[in-house]
Each structure stands twice: as C-alpha cells, then as structure tokens.
There are 8 protein chains.
Amino acid sequence: MDETEMRMLLEEVASGQVSADEAALRLKREPFEDLGFAKVDLHRGIRQGIPEIIYGATKTPEQISSIAKRLLDNGNGSVIITRMDPSAVDLVSAEVPLRYDGISRIGVAGTPTAERRGKICVITAGTSDIPVAEEAAVTAEALGNNVVRIYDAGVSGIHRLLAHSDDIMTAEAIVAVAGMEGALASVVGGLADCPVIAVPTSVGYGASFGGVAALLAMLNSCSSCVSVVNIDNGFGAGYIASLVNRSACGRDRPTP
Amino acid sequence: MDETEMRMLLEEVASGQVSADEAALRLKREPFEDLGFAKVDLHRGIRQGIPEIIYGATKTPEQISSIAKRLLDNGNGSVIITRMDPSAVDLVSAEVPLRYDGISRIGVAGTPTAERRGKICVITAGTSDIPVAEEAAVTAEALGNNVVRIYDAGVSGIHRLLAHSDDIMTAEAIVAVAGMEGALASVVGGLADCPVIAVPTSVGYGASFGGVAALLAMLNSCSSCVSVVNIDNGFGAGYIASLVNRSACGRDRPTP
Amino acid sequence: MDETEMRMLLEEVASGQVSADEAALRLKREPFEDLGFAKVDLHRGIRQGIPEIIYGATKTPEQISSIAKRLLDNGNGSVIITRMDPSAVDLVSAEVPLRYDGISRIGVAGTPTAERRGKICVITAGTSDIPVAEEAAVTAEALGNNVVRIYDAGVSGIHRLLAHSDDIMTAEAIVAVAGMEGALASVVGGLADCPVIAVPTSVGYGASFGGVAALLAMLNSCSSCVSVVNIDNGFGAGYIASLVNRSACGRDRPTP
Amino acid sequence: MDETEMRMLLEEVASGQVSADEAALRLKREPFEDLGFAKVDLHRGIRQGIPEIIYGATKTPEQISSIAKRLLDNGNGSVIITRMDPSAVDLVSAEVPLRYDGISRIGVAGTPTAERRGKICVITAGTSDIPVAEEAAVTAEALGNNVVRIYDAGVSGIHRLLAHSDDIMTAEAIVAVAGMEGALASVVGGLADCPVIAVPTSVGYGASFGGVAALLAMLNSCSSCVSVVNIDNGFGAGYIASLVNRSACGRDRPTP
Amino acid sequence: MDETEMRMLLEEVASGQVSADEAALRLKREPFEDLGFAKVDLHRGIRQGIPEIIYGATKTPEQISSIAKRLLDNGNGSVIITRMDPSAVDLVSAEVPLRYDGISRIGVAGTPTAERRGKICVITAGTSDIPVAEEAAVTAEALGNNVVRIYDAGVSGIHRLLAHSDDIMTAEAIVAVAGMEGALASVVGGLADCPVIAVPTSVGYGASFGGVAALLAMLNSCSSCVSVVNIDNGFGAGYIASLVNRSACGRDRPTP
Amino acid sequence: MDETEMRMLLEEVASGQVSADEAALRLKREPFEDLGFAKVDLHRGIRQGIPEIIYGATKTPEQISSIAKRLLDNGNGSVIITRMDPSAVDLVSAEVPLRYDGISRIGVAGTPTAERRGKICVITAGTSDIPVAEEAAVTAEALGNNVVRIYDAGVSGIHRLLAHSDDIMTAEAIVAVAGMEGALASVVGGLADCPVIAVPTSVGYGASFGGVAALLAMLNSCSSCVSVVNIDNGFGAGYIASLVNRSACGRDRPTP
Amino acid sequence: MDETEMRMLLEEVASGQVSADEAALRLKREPFEDLGFAKVDLHRGIRQGIPEIIYGATKTPEQISSIAKRLLDNGNGSVIITRMDPSAVDLVSAEVPLRYDGISRIGVAGTPTAERRGKICVITAGTSDIPVAEEAAVTAEALGNNVVRIYDAGVSGIHRLLAHSDDIMTAEAIVAVAGMEGALASVVGGLADCPVIAVPTSVGYGASFGGVAALLAMLNSCSSCVSVVNIDNGFGAGYIASLVNRSACGRDRPTP
Amino acid sequence: MDETEMRMLLEEVASGQVSADEAALRLKREPFEDLGFAKVDLHRGIRQGIPEIIYGATKTPEQISSIAKRLLDNGNGSVIITRMDPSAVDLVSAEVPLRYDGISRIGVAGTPTAERRGKICVITAGTSDIPVAEEAAVTAEALGNNVVRIYDAGVSGIHRLLAHSDDIMTAEAIVAVAGMEGALASVVGGLADCPVIAVPTSVGYGASFGGVAALLAMLNSCSSCVSVVNIDNGFGAGYIASLVNRSACGRDRPTP
C-alpha cells in the first residue's frame, strides 16, 4: 500500500465508507501468508517485479510443492525452484506442472513466459564451471531473457575468448563464471561495455580454498564494470543480469 | 578496428588503394600510446563507452596531469581522477582545467557533461561511510547520472531507512554502502526492484577486520539483487550503477 | 562450602565437636563424583542454579544414561541432554524417564518443571535455521520459560519481521538465529529493549564459510544490545536467555 | 505510534476531529530528525528505554556537540559519548555540560542520573585490559548501575580470582574482559549464576592476532552462560550488562 | 599466424591470389576446435612446444577419450591425461592406445617419445608425499626427461638428504615435494645450483591446514632458487621442470 | 661418526691399517637403510636416545611390519607405532610381537621396557579429549615413564582441577589436553613448576575451527611454562614430556 | 598453604593455640598483594620456583618500579622485567638496582644469581632473529643457566648449522629461533636428543604474515621433540628451557 | 670439498704427504667465515654458481659494508645488495665501489660483469608494480642477463599485452609482476613457451589483503608453466629467471 492508497483509504474513513476498525485491519494485515515453516511473500511480485524464488536446497519435496502451489494459486504464472534435488522431481511434478533441468538443477513450476528480450552472455573459463553457468543461464531464460553461452574460454588460451568479442561487445549484461584464478572476469570486463557479474566457482584444488582464490581475484578486478556474487551463486548472477537486461530493454515499471 | 573495417581495409588492398605494407602497419598499430610509465588506452572510449579513468592513488601529480592531458587532447571531453591526493591539485590544475571534491577525493579534468539522466540512490548505514559513498555519488554524477543521497540510514533504526522507500523503489540502480555488519544491503535489496551494488567499507573495529565482516555479509545476502565490489570501492560501484542507469535510460550504443 | 559454613566448621573444631582430621577431610572432599570417564559436578545446581547439562554429542548412550542417572539420584528433578543422537534414545530411556525432541535433538530425563515464566522470543531468518532455533527454544522451555517462536522472518522481506514488533518489544530476552549474512540480529536489536542473544548458523554456502559470515556480522552489530554465542549454539543462547528471563521475573536466589 | 494510537487516530478521522490530510501527515512523519550528516533517532528512548548513544570515534567535535545538544533539547536527561578523543572535550564542553573520563574515553553530556541499582562485576585478566574494562564500567554507571571492579585477576594465578568469589556469585551480570588466551571468561562462567558478557581485547602480540585468539576462546567457552561482544567493545558489554541488571531489579517498562 | 605470415597473406591479396573475403576468413578463423563442452586448443603445440594436457579430474571418460582422439588425430604423437580416475581406463583405452600409471594417476594416450634428456631430481620429504611426486616424475618422463627419484629424505634426518648431494648438485631442475612443515625445499635449495620447483602437499593434520603450512613455508624460503606451485600440483612442477631441463639441453625452438 | 672417531680412522689410514678406499667408503656410507618406500633411520637411537617411531597413519600394514621388523632386527628392544588402524593389527602381529591399544591407536612391537621413572601428569578438559590424551599417556609409558591421568577436569568447574593440585605440583612434566577454548593449559600452567606441553584438540564445533581456537589460546597463554604442539598431536606431547622427565631423572647420556 | 600446613593449623585450633576467627582469617587471606592496578603474586616463587616476571610492554615506568620494589622487598633476590622500553630505564634504576640489556630489552632488578648450570643452546636462522634470541638467552642467563649462542645458521647453508653439531647434541635444552619458513626447528630437532623449544619470529615479508608461516611450519615439524611458543616470544622459550635445564641438573624442589 | 677431493686428501694421508691432524683440520674447517652477527657463506659461489646476495633490509650500513667487503676480498667480482635503504648508500660506498638504483633499491658492490646473455621479459600489470619489477630486472641484469621490460600491460586492456607477443614468445624466462587480481600471469602463461615466474605484489586495497588475492590467483593459474614466489619478491623472481636463462644459454658448470 503506497502513500496514495493510504490517503484514499483515509478519505474513505473520513467519508464513512470504511469503518475505523476495517481500516485498522487493512493497515495492519501482512502481505504474506504463513505456512508455519515458511512465510510466503506474496507481495514480492509487486515490490520487485519478479515473483519469489524457492531455494530448494534445504527444503523437503513436500515443502517445495506446497510453497510452489501457494504462489501459483496466488496468480504467479510460474515459479523458479533453485538447487532442487533430482529426487524431489517426482513428488513436486505430481502436484504442479514442472520442467526440470538436471545440469542447473533448476525446476520451473507453472507456465513460464515464452517471451525473450535483449542479450545476456554467460561465459565460463572451463568445462567444470558449466553447472554453475547453467544455473545462471537457465535462471535468465526463465525470467524472459535471450542467453548466449560461451563455454571453456579461459584466459590461458586467450584466442578462444577473443573469437567471441562480437557477442561480448553487444551484450546488455554478462555473467562471467570461473574457478581457479578467476582471471576471466577481468579480461571480459576489459572488452565489455556493460555490467559484468562475476561468479567465482569452487572448481579447483589446494590453494583455491573452495573458490576463495577466484572470489578475491574478482573482487580485486582491474576492470571497473565487474561486481561479484557469492561462490557458485549462478542463480544470483542470472537474476541480476536479468534485472539489467530488463531495464535496458525498457521494463514496464509502473511510474511511481 | 572491427570486422567491417578490416574487410574494408582488405578490399582497399585488393583494389590497390592501400599497399600491403601500409595495411600490415595499420593492422599492427596499437590503439594505445606508450608514455613509458603507462600505456594510455585511447581506445577505451570506443570500446566501453566511458573514457579511461585515472587511478590517482599511486601516481605522482606529474604522471596524473600528463595522462589527463593526453586523454583530453585525444578528444575526450572530460577525465575522472579517483583517489587523488589534495596535494596534487595545484600541480594538475595548472596543466588542465580541474574540479576537485575533497570528500570523495575525485578530480574531474576538462569539461564534464552537464546532462543528467535517470536515478541512482546512494545509501549509507552510518556517517562514517560517507566518504566512500561520495566517491560513488560523484563518480555517477560525473558520468551523467542523477543521484539521490540517503545517508545514516542503518538497520538498527529501521524506520530511518523505510522513510525513504519511495526513492528506493523508483531507482534504476542503488549503491548500498556499509561497514560493520553490512546488513544494509540485504534490507535495501528486499525493498528494491533494481540491481543493488553493495560496497563494504573498512569502517568498524575488532572483528570487522577492515571491512571483511561487511564484505562477507554482502556476499551472503539473502536478497537476490545484490552484487558486491571491493572494500571501500565507491568508484567501482558508482561506475557500475552508471552502466545500469545509462542502459535503463536507453544508451546510444552503435548497433553492431 | 561458603565462608559462614567454614567458620561454623572451625568453631566445631575449636569446641571439640569435630576432630581436626574430620575437618581436614571435609575441607578437602571434592564436590563432584568421579565416574572415571567424567567428573559429575553435583555442586553446579547450588553454584549456578541450573543443574549440569549433558553434552551428548561425544558420549556413548551408556555414558549418557549413567551420568543422567547419577544426577537424578543426587536430587535433580530433571536433566537436559543436548545434541543427543536419535539412536541413543532407546538405551537411555530404558534407564531413565526420557522425553526426546527429534528436531532440536534434545532429551530431557526425569520430570521437568511444568512452570513457565516471562517471555523469550526465538526468531529465525529462514526455515533452514529452525533446528538451531528449536535447540534454543526447547532448552528455554525445559528451564521453565515461556517461548514465542517467530520463524522465517529474514530481512529481505522486512515486513515479515515488523509484523511481530509487539512480541519483540515486550520480550524479556530474545534469541536471534540466522545464517548467511546474519543481518537479523541487528534489525531485531534495533527494535528490542532487552538483551538479544545472536546465534550464527552454518546455513549458507560459498563465502558463508560454515557460519563465519553470520558470526562476524553479529559481532559487528550496530545494535548495542546484541551479544553472540558460537555458531549453531542454540543451547547456549537458550540457556543465557533463560538466565536473563529468570532474573527479570525475580529469581529466588538465596541472599548471600 | 503503536496499534492503539493508530486506532485512536483513525477514530478521530472517522469522527471528523482530524482531517484525512492531517492523519496522512502524522502517519508518515518520521520519528527522527535529519541533521544532514546524521539522522538523530529521537525515538530510541521510547523504543529501547535508553537514549541514543553517540559513537564519537568517527565524528568531529562539532558533529558530537550538535547531536548531543539536539538529544538533550529533545528531553533526554543525559547523553553518553563513547570513544571520544580528549581533544574534543574543550569544544563539546563549551556547548553542553560534559563530564569526561580519560581512561574509558567516555563523555557524559547533561545531568546523568545519580541512582544506582543492583550489582555488575567488571573483571579483567590483566592490567592492560583496564581501559576496555573502564569503558564497560563507566557505561554501566552512567546507565544507573552499581559496579564492582576486579582487575588483574587472570587465570595464571587462579587464587587471585577465587578471592573474589563472593562478588562473582552475587552479581546480577558480569563483564569479563581479557586479551591473550581469553580464559578468564570460562573460569568466571563456571563460578557465576548470571549472564557473563565476555569482551575479548586486542591486548597481546604475535598469534593473538589483535584479539582473535581471545575472541575464539570466548566463543568456544565450555561455560554455558558466556556470550561475547566484539573485540575491545567495552561499551557494548556495559550496555548489555545494564539491560540484564535493570531487568533483574525490576525495570519500569510500560506494560504493553 | 605471425607477422610474416600475415604480410604474406596480404601480399597474396594485393596480387589477387587470395580474395579479400578469403583473407578475412583466414584472419578470423580460430585456431581451436569446439566440441561443445570444450574448446580443444590445437594451436598449443605450436605456441608452447608441448601439446595440450587433459585435466581428467572433472571430465567423464567419454569426454576424455573424445578430446584425446581429436588431439591425436591432429598430429600430436601423444597426449598426457592427469588426475585420471582408474575407473576411466577401460573406456578410454578402448578408443585410444593408453598407458596408465595407478600411483600418479596419469594416463598417456598415443605413442610417447622414448627419448630422454638431461636430469630432473624429484625429492620427497616422506613416504606419504610419493603420489604427488610420482605425478611430477611421470609427467616429466612423458615429456622426454630423465628423472632421478629421491624419496623419504626429510630434514628431520638430514643425513638421508645429504647422501644424495651428488644428484642434487648436478640436476638441471629439481622438484621438491613436502607436506607438514615443507622445510625440504629450503634445504634442497641451499644445496642446488638450478631452479627448485617446490610442491606443497596436503599431507599432515591439524595446523597443516591441508597443505597451507607447507605452502607458506615454501613461499618464504630463504633459498633464492625456490619457486612454488599449488598444493599437490605435481603435474605443474613436472611440467615446469621439463621446460627448464629442455631449455638447458638446447631445445629446438624455431629461431624467431 | 664424531670427530674422535674420524681422527681415529684417519690415523688408521696414516698407519696403513685402513686403505684410503676403505676410509672413503666408510666416510661416505649412510647411516640408514633404504627400503625403497622409506629410508629407515637406524642411527636415531644413538643420535636421539629414542628409537625411530613409525607414523602408521599413511602406511600399509605391510609397510608397517616391514619397517618394524627391520628396526627390531637392528637391535631395538621395541618400536612404537602411532595412528595405527585397528585393521592393521592382524597382519602386523603375525610378523612381530605386538601390543595394541584401541583408544590411543598405538601399537608397541617387540618387548617394551618395564622400567618406569619420575612422574608425568596427563590432564584433559573433557571426556572427548581422552583419545588424544591416551596417545600422550601410552607413548610416555612405552618410553618408560610413570603417568598420572587426570581426565574431565575442565575450567568451567575449577574445583575439579584444584582437587588434583598435589599431582600437578609434583610432576616433572605435564601434558594438558583440551579442545574448545583451551583454557586448561593456562590454569594448569599457573599451578605447576615444570614444563607444560599443551595439546589443542579438534574437539568442538563452529568457531573452534577444528582446534584452531584452542591452539591460539594455548600459544597466547599467560602462563610462561606452556609450550604447544600441533592439534591432536598427543604423541608429540608424550614424547617431549618423556624427554623432560628422563632428563629430570638423570638420563644416562654418554658424556660427549 | 598445603594440606600439611592446613592440618597443622586445624590442630592448633583444636588445641586452642589459634582461635577459630584467626584460623578463618588465615584460610581466607590471599597470597597476593593488591596495588590497585595490579595484584602482585608474592606466592609464585613458592608455587613455581621462579619469582614473578614483570611484562614491561604495557606498564608505565612508575608501575614497573613499584611492582619491582614490592617483589624485592618481599624477599626475591632479583626480578626480571621483559619488553622494557629504554626510556623507562632512568626512572626505574633510580628506584631499584637495575641492569638493562638494550638488544633483548630485558632489565634485571636486584642482585641476580651468579650461579650457572647445564647448557642451553640458543640458535637463530638469520641475523634479524637475534633480538628475539637474545630475549631467550638473557632470560635463561638471568635464571641461572649456561647459554651457548649459535646465530645466523639457517638451513639454506646447512653446513653452517652442522658445524655446531657438538653443542647441539650435548645441550640439555635448545631454543630454535627463526622467521620466514621456520625450517630451522625441524633440522635442529633431527639432530638433538633434548626438548627443542621453537620460537617463530615476525621476521619476513609478504606471505610470512608476521610470523604465521614460521609458526605453522614449527607446529607441523616432523621432528618429535619440537614444541612451540608464541611469535617473537623469546622470553617464554628461555623460561621453559630453563625449567628443563634446571630439572636436568637436579633442581632442589622440596620433596612433596 | 667433493668426493674426489676427499679421496685425494685421503690418499695424501696414506702416502704421508699430509698428516692425520692436518687432514682432520681440513675436513672439519668450515666453508664460512663467522663475523659474529653473520656467517658469511664463502662457499656459495662454488656450490651454486652465484655469489651470496646480501639482504639489506634488516642490516645496518656497517654490517652491509663489512659483509660486502669480506665477499669481495674473497674473490667475488661483485656482490648484490637487495632492499638497501638509500640512507645506507653513503657509508657503504665509502668502503666499497657501489652502484645504487633508487627504484629497485638494489646496490651492486664491486665490478659487475658486463656480459649479457639470452632474453628475460619482465612484465607488469600496472605502473604501481614497477618497483617490484625493477628489483627483478636489475637483479637479472646484475647476474648477466638481457632484460626486456614491458610495463603497464594489464589484462583489462588485453591489446596492450598482445602487442608484445613477439617478445613474450621468444623469451627464455619471463617474470610476471601483478597486484590486485594477478590475472597477468595466467594470460602471459598462455602465450609463452618458457617458465613464467609470477610475483604477486602488495599493490591494491581492501580485499587484496596486501597481495594475498594476487598470490592465490597465481598459485591457481590455469597455465601450467607458472610458478610463484613470495609477495613483492622481485629479487627471487629475477634470480630464478637468471638460473633458467643461464641454463638455456649453456652455463659452464664444471662436470661433476
């Protein structure tokens, strides 16, 4: 409820159309529904333009399908479920329509939009970084973006990356995914003229410390357009890239 | 030189307009100028849409003014100089027109654009975070963006932040600047529907470890729209916010 | 034995009621019983007002039931067993009356008090934090406190937390349980007027480093009423909250 | 404004006593005052029972005296200023009545309460920990608590600590201050029957890592009643101890 | 394509032998082949004198044999596969000729060179370091170097190392492999007159932190000839030692 | 071979009793035997007064029994095998006489000395520390020392430790074993007048970081007589305590 | 007061020689004197055989001389003051007889014993480690031990160390002082048959992390006789070496 | 003295040319000279082919000139002094002929060789890395190598680096110097066919942690030819590059 709506409500109280009690109730009523184990944020679609995403990693199949159902019932066209274990697919798809992708481990319940806009590049340094990259790519696609995948283009053979300069230079947003020394983000950032969201991965061994080496490299990037998300957080990167691309393509945000 | 230009050049060789030697020279000539201590990247304006920024922290006043001059001479309207020591102002402003801001420690040489587009919010948790926030804000302004400042709105008095919900909910990009526990980014991220670039600051003591506590908090944000830059890197955040805002306002990128 | 008792004993020696040998024995006798693998601290009930708690994680079922029995025999009404593996339930409950809670993994042997005083709020940021929160809540209940649970009220949807302001503002003590960026503690601390005991959890991935990100955030909280216990230490938080609440409700400590 | 007041306001709108516009204004008006560089939280005294504390470390003398004045003018009897540099005393005391303590570096502006209740023990391991301990002690005294100081009672001469068992066992709250190995908190925690707030200090060298060794020791304390605040955060410990002691002595919190 | 070749191509364009289109294609064509999941760098043999090595740890047997085949087909005599799981041997050896070594977990596909030059010493501190050392030794042998193995010669019995002074003092390159305190590298470095490549291993427990103790020791070596590779990176050390030894023995690099 | 023996050898060369060739051989011959996978240090008994200990953790049963046999054959009365897996007992005891202790996981091959001297106290903070303590105690016993065990005497119930002051104050060496906050070492160190070897254990959770908290606490001990060994290194502590006790009891070191 | 004395006191009470009040007082009286800022532990000489040492680093000259005086007055022949700033010498030596050593920064007040027993070797890896080594050496000498100094004998020129094998092999205790990679301790430990107390120093740069590299190396030493003290803690090493040497030389501890 | 020389000596003893006493003396005489504060390793030139280098950082001017003199007197043509403070130049150059370079802070005493062989490239990412790079370059030149400097060629403008492919591809050894994210080493390593010695620098701020980010990136390089030295260790890199280049150019090592 924004200021205008509040004033309208108050005027209805002043004019007697709405009782003080009713108004108090409306002002107090929470825009979420409490399932006991989770408070489903039905308001997020309005507040942030993207419906709530279900983080599947720590939830039972029952909890996932129950939350997904509640969100679909509440008018969301589709619901993204991340880090969903393959073993949960059967139970959830029995309750709601579900498309599941085994590499990114993302499920999409309901009827996702078919529309695609703009261009997001998702680039990896090596083949081992692909699952994290797919989490970003599938997320971005489910949110209605065109995605170009450029995989295994690490900096130790720089020509493999330069061969894709065209796509890199015309993207609205780029997701750069790399483990080990994470140098990919800086080189890509030097070629691009759009935000580069860097995702360090836990790929590596020894002094990679589960992705810390790549994380630090990306935070210290000499390319000014690079920002960073958590280790292996492909979803977050795809989500942010989608915000940028949506914005570049002219989102239909209600003028405030 | 992009693919089209290369093909044009080759056709000129085929038609005899350009000799093979001349073409070899052009293909080889580097798009940067070597000052000895620095290779000035004259090409960046074309490649990234924003002219090279001078990182002033480790350069002598002589080096700064020499690079700035070379960039201005090469057709850039203005040049941003970050982390510029006040003691360098006299020498540099004797060589090039300079506007210097003492809080953000940013100098702008040349004639910056007066145009302003869109809306970027720069928010701080406390008063001590203001210098870093100003680095972001002044950078964003120098790059042609409207900036709204919301300072000292930390989460321990949440109403101070909520009072600015309107600006937060209508921004094209947000820079959230916080030291100590860095919780600001998550709360702002929960209210916004645009990318939030989080800047951890080194404000704090003891187990803040010079900004590490805030950095980790921001990397682990439960708000999906938050990405992070280096500790105290106000410039980078302002730069990325500008890329997002420019893109939202419809940049005039030459269609490739 | 306090100073008064010592003086009484000495007077009995002076008056010949007690021999020097007997007095030496009494002064030397230890207020604990040695089971070989453990020294049971029978004195703790007197010293600290709460009987010894059995840390079940590293003990065999036989050790647990043997210590529990010894404590019950020594006059304790009930004994709390934390981090108790479900597999130990059968053996222990064959020896002593036992109530076991599978989520918090807490067993209570003997006849716990039915009395409940005051109000402790236990709040979590997400659903994954619930097991740790339950360890705090069940501990506090076993120690005779009223507990209000507010779960999945993380800061990325701040209205979910604000909806419970009433409970937060009238609690005698609050336990704030959060993983990831741990921002919950600071926001709760800004609303409350009682001690907030923050429990970082190991929930998260990548740069959460098993709870370190939340731990650092909580230690750096800008809310002055926040203190912190070890990662996942729900028991400790429930115990301390109980001390505070007991004190607020007027404990019956023998005047010294 | 709590629910009751809101309902009253709405009833006044319904009855025509208050216009819709006036009500909208009142509902929107923020309970803080914006000084530009700081948003003074005038509401905190009501919300938390203790007026806002000024963290002096990063503020100019002008900022300190301006905030202090505003808080005093707003009806607060006194205002605590922590980490106040001695060089700021002259300027601030010219503007507001000020009592300054050089060891704790705490200033109290206005007329602090003379009333003292309960008992808080502040204990240090060594003489070097005294400045941090004094920050806790002076804070607690400024907030109206009786404080017993027990300094240089570290565990390498355990009899020095045991000599004070009486005070330790009858305190309502204890602040245990130690650097180096931080063992003091555990030993005190084993003797006490009240919450022990542990403050690691940066006293030490080498592998003390500026207080990290003590911090970790305290977080891992085998005594269940120990919670921890940031390194050198004497103020926070004194503040929390005051909350506990106030509560034990029967605070006059308005029944909700 | 180097400068000479480019000039030749341009002259062919000038003379009409090659069309502008054809030249553009050749200048653009990438020197790698894209298998979808991996971009095989066929150019590396020319660029670096050693064919691409397959890092087997994160690849399926199918991927390994497919890349190996492609490299062999492209004219490489043999292909090294590191960190190859024994379970992949059957499938890969069905597709390409394969020699597999179970201790170093290295497979060599194709017909490796029989030639051996110079002398590389591979030394370990303990018996537990042998698998990492064998990765270095087998790599170096597969690349055509003579290898002398000196195992279990740690510094706590310094005579065991000194007994091999002759080999150490006449090597062209030395690989020093050690876990725990990693002191071997410094002692060997003090005896040798050639580059010593130090490999920290994850052998150890407690404060060895999975090889960090050895890594730090080696980075801080007081012997100037010591450089370091990642923890357990036997392959990298063998590869670098081979570069040094090849160079010492007069490699047949085409004079530029 | 010490200086005297060398001079004797040279005099035998001078007198023609020994040929130059024979002398060169003797001077060069190594005092160890090479089994391929291990160089057995037969010289250690002479050099250090205690025969080589076999670190069993990373060796196969075959390797253990082969080394043990070789050491026994070479005149050692007994051989200590640490970190020996129970599964290796059958194979090893088929080859050499073996006594195996399941808690400390120590095997003693051959006929250990029955003699016992002096007094070493081994103290633990909790019951979970017992396996590490037993590694120290069994090692010390195998090396001929009297051992007094004081287990579960942690500092949160200080009277449990003080009850053993007599043993602590009369020991020749003390091994203090503790996980969690590791405070035991400092308290024991304040009571003792002999070296205290502190062993941090990996007992704990969360911010104990696998023993790092205890390790740091012990390194920072305010008791001057405390030195520290690696996390869980009971063997090392027992070995050093034995060196101290042997020395205190008058070892029979051949006067140099 | 030990058990025997307590029994004697009780018998005097029983016989009427001592009143119950007097006995209570004696039993309660603390064996330390409280100077306000410090509790001087007059009892330590009896408890630990070595008088209290004054840690000078954090004390004013006035505090140092006041504590030193009190200890000398109480019958101690001499008092060691460590980490004493040269600027404190004048004031302290005006109050008590003082010998000050500028390299070790140790002052000895009173009349130190001239007696010297046994042999302690203090060895350093480089010249930069000498100040820490001198702290150990001067401490050991002040406590009555013979000290042999072997400086700049690091492992990168192993013959420099082996040249001193005689002293190393006949010492009763060794202090090994090294920064950088800390390998010295392991090599010395492999030659010695007595306890080696290793002191990591903060000498080094970059990844030495102020002594952490050396500390970790020493904790992971493959030589069983090595234990470790805090970074730069020369005093502690000298103190422990003295305990060992004293014990080896037959200390005159009153038989319990 | 190698084996041949020892045998020769022994034959001289056998033939009576040398007495046993004289032989014992020679065998025992140390190949170093003890200046008290330092043991000068006169043997290193023979053992390692490069005379001892003086680490100037922790030595007084007097110590430097005294060691340098001793080395020059002992037949070394020149002596390299690293990390030499400018303030030491006057005193040292009064004693020995000295050439001092202010950027690398290297002094060369004596008459350095004028001969130059092979090619070493020293490359930096930015201008701030130049002092460390110069330490490598000047060291390599002093040791007789040709050096090509390529400065400010970081990966955010990759064309600046590719412009120097020719030099990179024909070097015998490369030193890659970079702070911040340290990506330079991987990109250079992908272009080169010789060993790349990577030097992380402490250039950067925030999460660069004084060079740790670059160090980790370099250790995790995906380019197999990269090994790493300590942070800011330009000298070590130049020294190792010299060993490689010398070896490639055919060093005149006496055949053993």
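Q: Which residue of β6(A) stands opposite S78(A)?
A: The residue opposite S78(A) is G110(A). This is a predicted model, in which local features need pLDDT of at least 70 and side-chain atom pairs count only at pLDDT 80 or more, while totals for chains, interfaces and linings use all residues. Residues are numbered from 1 along each chain as its sequence is written, chains are lettered from A and ligands numbered from 1 in the order in which they are written, and side-chain values use heavy atoms, with hydrogens and water left out.

Q: Why are β4 and β6 of chain A called paired strands?
A: A strand is a DSSP run of type E with at least two residues, and a helix is a run of type H or I with at least four, each numbered from the N terminus. Two strands pair if DSSP finds at least two bridges between them.

Q: What makes β3 and β5 of chain A edge strands?
A: The open sheet of 4 strands runs β3-β4-β6-β5 in chain A, with mixed pairing. Within this order, β3(A) (54-55) and β5(A) (98-101) each pair on one side only.

Q: Which strands of chain A does helix α4 touch, and at what angle does its direction stand to that of β4(A)?
A: Helix α4(A) (61-73) touches β3, β4 and β6 of chain A, and its direction makes about 155° with that of β4(A). Contact means heavy atoms within 4.5 Å. Angles run from 0 to 180 degrees between N-to-C directions, with axes fitted to C-alpha atoms, for helices over the stretch in contact. Helix α6(A) (130-142) lies across β4, β5 and β6 of chain A, at about 15° to β6(A).

Q: Why is one side of β3 and of β5 in chain D left without a neighbour in the sheet?
A: Chain D has an open sheet of 4 strands in the order β3-β4-β6-β5. Its β3 and β5 stand at the edges with a single partner strand each, so one side of each has no neighbour in the sheet.

Q: How many residues lie between β5(E) and β6(E) in their hairpin?
A: The hairpin has 4 residues between its strands, and R105(E) in the turn has a positive phi of about 60°. The two strands run antiparallel and are joined by 4 bridges.

Q: What is the area buried between chain A and chain B?
A: The buried area is about 3100 Å², of which carbon and sulfur atoms give 51%. This value is the accessible area (1.4 Å probe) that the two parts lose on being put together, summed over both. The interface brings 38 residues of chain A into contact with 38 residues of chain B.
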